[in-house]
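Work through the exercises below with the model open. Try each task before reading its solution.

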Amino acid sequence: MATAGTEKRHALAIRLRLMEESSTMAVMVAAQKLRARGIKVVDLGAGEPDFNTPDNVKEAAKRAIDANFTRYTPATGVPELKAAILQRYRSDFGVERGRDEVVANVGGKQSIFNLLLALVDPGDEVLIPAPYWVTFPQIVYLCEGTPVVLETSPETGFQVTADAVRRQLTARTKVLILNSPGNPTGAVIPQAEFVRICELAVERGVYVLSDECYQRFLYDGLEPYTAAALPLELRQRVLVSGSLSKTYAMTGWRLGYTIAPPEIIAAVAKIQGHETSNPTSIAQAAAIEALSGPQDSVGVMIREYQRRRDYLVPALNALPGVRCFNPQGAFYVFPDIRSYLRPGVETSDAFCARALDEAHLAVTPGSGFGTDGFIRISYAAAQSELEEGVRRLGSFLSKLG
Ligand code: PLP
């Protein structure tokens with residue numbers, strides 16, 4: 001009689017064996033369990049805006065439903081949406097790209113997934129700077145590629161440099177992933193260095209996948225830039241993944257896009273045609289309004305995030321033994337809690353599990369981002385929650401001693 005566990009009973013595909021579940025989702029689930037027991041959890045784990053989707057965007061979606069815009073659309077999005085994406089890039093960055101260089105996707109996640117599926121063969125290396133967004137290596141595993149981690153250091157503000165990239169390129173490197181501003185550190189690659197990295201990659205025949213989902217979230221007067229505006233000779237190998245999730249507080253709508261050379265776009269379209277077909281028609285109508293309508297809500301969010309960061313970083317650095325780099329983008333900080341790791345709390349996972357159990361504070365362990373000894377705190381949360389979060393973290397730390 002078979003008594004084996006699930007793994008033995010089901011012959012799951014080999015590509016799944018290396019994949020891990022999302023640590024950010026795991027924190028969310030654990031926090032929800034506590035809340036279900038009536039416990040007030042301070043949740044600084046979430047990677048999504050605490051703002052609502054702007055009213056004009058919601059109205060556009062309602063109009064789309066009433067007009068029965070509820071059927072299949074072309075798999076890569078309606079022409080009006082592609083035009084709206086290109087128009088946004090034209091007015092924000094002065095860049096002209098063709099209709100055959102853009103597709104709409106089901107979130108930025110699908111853009112990244114489809115690009116890697118289109119490019120990565122078994123054994124190909126994908127270079128990923130760490131700390132990295134949890135999903136990057138997992139997608140590489142799904143594509144049967146090999147993620148190769150490029151370590152960066154808190155002492156240099158987690159900077160990715162062309163020199164560091166050069167040291168890790170091999171004959172098998174197929175893609176380099178850049179994510180500036182980045183999750184989980186909020187670090188921004190200065191534009192000149194970004195261009196140097198792309199030049200190096202292109203010279204070595206390596207594709208650059210630039211994940212720009214936090215593109216607009218920059219502070220201290222830094223100007224946004226995009227890889228979509230690189231000179232023609234670099235564009236051939238530089239692929240942009242974008243998203244409306246954070247920019248317009250539209251995480252649940254699932255709308256992202258890809259800007260890339262026509263042949264790559266054709267490959268993504270081929271995949272998408274058999275995979276999901278089109279992003280939801282109603283979300284596409286909402287996205288057209290988000291991209292073409294008033295942009296004030298974006299500025300409001302950016303100013304508020306900067307205010308929160310300006311509170312949070314000094315507050316964390318004032319806690320004994322905590323060191324927090326001051327990031328210039330996204331809405332995360334990534335403080336160093338290594339001085340609190342000890343028997344009983346050996347890892348950031350144990351640290352976060354205990355912070356949740358004992359202080360009812362949800363923060364995300366650095367291990368899932370490839371860098372143990374750190375925690376990710378999201379400041380996409382109300383100021384009062386941030387203050388309470390810092391208070392709870394402070395008492396938890398003094399209890400740890
Ligand atoms: N890239 C990064 C770095 C992210 O943090 C996220 C979401 O958290 C995404 C991409 C994907 O966003 P979405 O699929 O909601 O567009």
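**Exercise 1. Helix H8**

Task: Find what covers the buried residues of H8.

Solution. The cover includes helix H7 (162–168), E5, E6, H9 and E7. Contact here means heavy atoms within 4.5 Å. Helices (H or I, at least four residues) and strands (E, at least two) are DSSP runs, numbered from the N terminus. Next, list the residues being covered: Glu193, Phe194, Ile197, Cys198, Leu200, Ala201 and Val202 are the buried residues of H8. Buried means under 20% relative accessible area, exposed over 50%, and partly exposed in between (1.4 Å probe, protein chains only). Then check the length. H8 has 13 residues, which should span 18 Å at 1.5 Å a residue; the end C-alpha atoms are 18 Å apart, so the two agree. The expected span is 1.5 Å times one less than the number of residues in the helix. Last, look past the helix: Gly205 follows H8 and has a positive phi, near 70°.

Two notes on the source apply throughout. This is a predicted model, in which local features need pLDDT of at least 70 and side-chain atom pairs count only at pLDDT 80 or more, while totals for chains, interfaces and linings use all residues. Residues are numbered from 1 along each chain as its sequence is written, and side-chain values use heavy atoms, with hydrogens and water left out.

**Exercise 2. Helix H10**

Task: Sort residues of H10 into buried and exposed.

Solution. Start with the span. H10 (residues 262–275) has 14 residues and reaches 20 Å from first C-alpha to last, close to the 20 Å expected at 1.5 Å a residue. Now the buried set: Ile264, Ile265, Val268, Ile271 and Gln272. These residues cover an arc of only 125° around the axis, so they sit on the same side of H10. The arc is taken from the directions from the helix axis to the C-beta atoms. Glu263, Lys270 and His274 are exposed on the other side of H10. The cover over the buried residues includes strand E2 (102–105), helix H5 (107–119), E6, strand E7 (238–243) and strand E8 (256–259). Just after H10, Ser277 takes a positive phi of about 60°.

**Exercise 3. Backbone checks in loops**

Task: Locate the cis peptide bond between Ala130 and Pro131, then the one between Ser180 and Pro181.

Solution. For Ala130 and Pro131, omega is about 0°. Pro131 lies in the loop between strand E3 (125–130) and helix H6 (135–142). For Ser180 and Pro181, omega is about -10°. Pro181 lies in the loop between strand E5 (173–178) and helix H8 (191–203).

Task: What are the phi values of Asn68 and Asp220?

Solution. Asn68 has phi near 55°, positive in a residue other than glycine. Its loop joins helix H3 (55–66) and helix H4 (79–93). Asp220, also not a glycine, has a positive phi near 60°. The loop of Asp220 runs between strand E6 (207–211) and helix H9 (232–235). With a relative accessible area of 37%, Asp220 is partly exposed.

**Exercise 4. Leu18**

Solution. Leu18 still touches Gln138 and Tyr141, not counting residues up to four places away in sequence. Finally, Leu18 and Gly344 are 326 residues apart in sequence and 27 Å apart in space, C-alpha to C-alpha.
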